Amino acid sequence: FLKGLRSLHRRDKLKLTGEWEFLRQTAAFDVWLQPLEQKTWVTFIQAPPEHSSPEHVLRYLARYLTGGPISDRRLLRHEDGRVTFLARTGTTHGGSDETEEVEVSGAEFVRRWSLFIFPKGYTTTRRYGGYSNYHRKRYLLDCSELLSVVADKPVAPDVTESAEYDGERRCPHCETLLLCVSATEKSSWCDVMRSSFRPEWYDDG
């Protein structure tokens, strides 16, 4: 990470203005990074609660392998350029189950959302390794074999996929003929934020 910061600094890609302008000088930037280089970085992994089953662990990890920065059910309104969503309240770690409505401008909402878009060179967990779309089916078959699970039938396709017979789309479970009522192409946030439509303040380096 620090190596990446130095690379951005050499290419003048860091927005060092205002109180950070003094860091434009290489010597000052090196001094500023010294405490970070001397720090021991440790990733803390908490053990699962006592009497936990593998299902509990997988359910916990699934929250980090799927979904986005905010779930659809927390989005309440988008009116007059303002976005209203539910946020957890409380002083306990991670917040409490109580929620309150938070309203921000549309631009501020997009800014916060964009903080979760990784720059080029980073890989999101949900697309990594055996969970990637390319390896997933083989990975699940390998898991079944290692767990000595006898599969009576092949792994079911994605819920977003359907079986195709003679050019027709059918339900993968009951083989009922499927008719497309409507289809809307949804561009990924990554593509949008790297296009000419991205806000002026966004720069993926």
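Is Trp32 buried, partly exposed or exposed, and at what relative accessibility? At 36% relative accessibility, Trp32 counts as partly exposed; buried means under 20% relative accessible area, exposed over 50%, and partly exposed in between, with a 1.4 Å probe and protein chains only.

A word on the model comes next. It is a predicted one, in which local features need pLDDT of at least 70 and side-chain atom pairs count only at pLDDT 80 or more, while totals for chains, interfaces and linings use all residues. Residues are numbered from 1 along each chain as its sequence is written, and side-chain values use heavy atoms, leaving out hydrogens and water.

Now for the chain as a whole. It has six helices and five strands, taken as DSSP runs numbered from the N terminus (helices are H or I with at least four residues, strands are E with at least two). Starting at the N terminus, the order is α-α-α-β-β-β-α-α-β-β-α. Of the 205 residues, 16% count as buried. The chain exposes about 17700 Å², and carbon and sulfur atoms supply 54% of that (areas come from the Shrake-Rupley method with a 1.4 Å probe, and for residues only the protein chains shown count as cover). Among contacts (heavy atoms within 4.5 Å) with a separation of 6 or more, 35% are between residues 24 or more positions apart.

Back to Trp32, which sits in helix 2, residues 26–37. A search of the whole structure turns up four aromatic pairs; rings of Phe, Tyr and Trp (its six-membered ring) pair if their centres lie within 6.5 Å, with planes under 30 degrees apart called stacked, over 60 edge-to-face and the rest tilted. Trp20 and Trp32 make an edge-to-face pair, 6.2 Å centre to centre with 75 degrees between the planes. Trp20 lies in the loop between helix 1 (2–10) and helix 2, and Trp32 in helix 2, so the pair ties together parts that are 12 residues apart in sequence. Trp20 is partly exposed too, with a relative accessible area of 40%.

As for helix 1, its buried residues are Leu2, Leu5, Ser7 and His9, and their cover includes helix 2.
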